[in-house]
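The following note sets out numbered comments on the model, for discussion with colleagues. Please read each point beside the coordinates.

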Amino acid sequence: MDTVLKDKVPPHNLDAEQATLGALLLDWDSMSDIVTKLRPDRFYNLQNQLIFEGLISLFKQNVRGDTLTVINELTKLNKLDQAGGAAYIAGLTELVPSSANIDYYVDIILDCASRRDLLKISSEIKASAFDDSKEAKLLLEAAEKKIFDLADSTSATQIWTMQHVVNETVSLIEQRFKNNSQLTGIPSGISKLDSMTSGFQKSELIIIGARPSIGKTAFALSMMQEIAIDKKIPCGFFSLEMSYQSIGQRLLSQVSRIHSNKIRKGMLSMPDLQKIQDAAGKCYSAPLYICDVPNMPLLDLRASARRMVSNQHVQVIFIDYIGLISVENPSANTWENVSEISKSLKALARELDIPIIALCQVARDAEGQEPNLAQLRGSGSIEQDADVVLFLHRDRKIMDEENPVQEAKCIVAKQRNGATGDVDMLFFPSFTKFENKVDE
């Protein structure tokens, strides 16, 4: 098979390349559109590459391209002979009757170029697989990134007219009016928070900070119940601290509203068991996907997140929590590692075009006080990279029969595209769930 492929000429279409160049020489006004889609290296033939480079050079100088000007430009660049000479360039306009089908010709060139890129990447991946000096997971990450980068590079630059912008915007507004919803993103289930953020938006990195045992995981699970179980929105959860069994128990406790200790110890009545079975029925078909690898390497997390989006079509990802993500750089200090993690998570949110919600601990001096941005662990980079920063705050009251619910607060400390402020909530310690506080 390798021998057969070796003897094959890489995918290309010389007729489409010549027709594109000929069409540009006939209709220079097309150049402003084509230059956003096509690069010289997308041409297979070297002569055609050089001619297109000459056309780009003319375009940058605001000189109208035609047979004479491009021959003159290539002569100045001392590339005329390499480009096939004056006779070859003059003959290009005779190969195409008009410029009407230039977009079709360009699509053929780009399709062939993408196929050549795939062949090149495949060869590089194959060669790297024999490199024993690198771990297999590093090779997989590099291979995956090359494929994703190739997919991104094929997207053309778009310039939208106001007619298109207005039509799309009005259509979106009408859709929201029909749905009678103010949310444009993923709902959290906390009404006032959703009102302030309009839901968690695509490509955003959202940080949830709090001291240990305040309820970061409980808050994340409360939101996931709303997202995956109630709204059936596919959701991914990276649990670096708790096992999937523990997550399952806490979700069943939340949904059934049965005390978590009773579930953990198995001290259940028949009515309790029935409620748990009903809750299990609701959770069973929920599009919630859990990865529970402790101290997960950042490399593996990114790769797993890509697969979740590609295979399970998840629309939001939770990470519990940033401090437990490991980085392949043991010599770096903590601040550098946190900085690398936060920048990588923000880049991942943009790449996957989904919100990523990451939990984070705050400094010890926040104990008993409302936390602030300066108290985030590795605050400089996290605060800079995050689009939204939320803090949880509540008193550590001892739960008893007279105090089954506690007041809590979600502090919107940063929102790049919206307002900041406080959101009052209720916390139910018995089944570790945050809920809306209804105004009296």
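1. In this predicted model, the backbone oxygen of Leu 252 lies 2.6 Å from a polar atom of the side chain of Ser 256. This is a polar contact, that is, a pair of N or O atoms within 3.5 Å; within protein, one must be able to donate a hydrogen and the other to accept it, and residues adjacent in sequence count only if both atoms are side-chain atoms. Ser 256 belongs to helix 12 (residues 244-256); helices (H or I, at least four residues) and strands (E, at least two) are DSSP runs, numbered from the N terminus. With 8% relative accessibility, Ser 256 is buried, where buried means under 20% relative accessible area, exposed over 50% and partly exposed in between (1.4 Å probe, protein chains only). Not counting residues up to four places away in sequence, Ser 256 touches Ile 263, Lys 275, Ile 276 and Ala 279; contact means heavy atoms within 4.5 Å.

2. On conventions, residues are numbered from 1 along each chain as its sequence is written, and side-chain values use heavy atoms, with hydrogens and water left out. As this is a predicted model, local features need pLDDT of at least 70 and side-chain atom pairs count only at pLDDT 80 or more, whereas totals for chains, interfaces and linings use all residues.

3. The 19 residues of helix 16 should span 27 Å at 1.5 Å a residue, and its end C-alpha atoms are 27 Å apart, which agrees; the expected span is 1.5 Å times one less than the number of residues. Buried residues of helix 16 include Val 338, Ile 341, Leu 345, Leu 348 and Leu 352. Helix 16 is followed by Asp 353, whose phi is positive, near 60°.

4. Asp 353 itself is placed in the loop between helix 16 (334-352) and strand 5 (356-361), and is partly exposed at a relative accessible area of 38%. Leaving aside neighbours within four places in sequence, Asp 353 is in contact with Lys 202 and Ser 203. Its side chain makes a polar contact of 2.8 Å with the side chain of Ser 203. Asp 353 and Gln 201 are 152 residues apart in sequence, yet 9.0 Å apart in space, C-alpha to C-alpha.

5. Two further residues call for a check of backbone geometry. Most residues other than glycine have a negative phi. Asn 78, however, has a positive phi near 60°; this residue is in the loop between helix 5 (67-76) and helix 6 (85-92) and is exposed, with a relative accessible area of 66%. His 313 also has a positive phi, near 60°. The location of His 313 is the loop between helix 15 (298-312) and strand 4 (316-320), and at 53% relative accessibility His 313 is exposed.

6. Which residues touch the most other members of the largest nonpolar core? Of its 80 residues, they are Ile 207, Phe 219, Phe 238, Phe 318 and Ile 319. Helix 11 (residues 216-230) gives the most to this core, with nine residues. Apart from it lies another core of 26 residues, among them Trp 28, Met 31, Leu 38 and Ile 51. A nonpolar core is a set of buried Ala, Val, Leu, Ile, Met, Phe, Trp, Tyr and Cys residues joined through side-chain atoms within 4.5 Å. Phe 238 has contacts beyond four places in sequence that include Cys 291, Met 296, Leu 301, Phe 318 and Asp 320.

7. The structure holds five aromatic pairs. The rings of Phe 43 and Phe 52 have centres 5.2 Å apart and planes at 40°, so this pair is tilted. Rings of Phe, Tyr and Trp (its six-membered ring) pair if their centres lie within 6.5 Å; planes under 30 degrees apart count as stacked, over 60 as edge-to-face and the rest as tilted. Phe 43 is buried at 1% relative accessible area, and Phe 52 is buried at 0%. Ring pairs also link Phe 219, Phe 427 and Phe 434 into a cluster.

8. Helix 2 (residues 14-26) has 13 residues and reaches 18 Å from its first C-alpha to its last, close to the 18 Å expected. Glu 17, Gln 18 and Thr 20 are among the buried residues. At the start of helix 2, a side-chain oxygen of Asn 13 reaches to within 3.2 Å of the backbone nitrogen of Asp 15.
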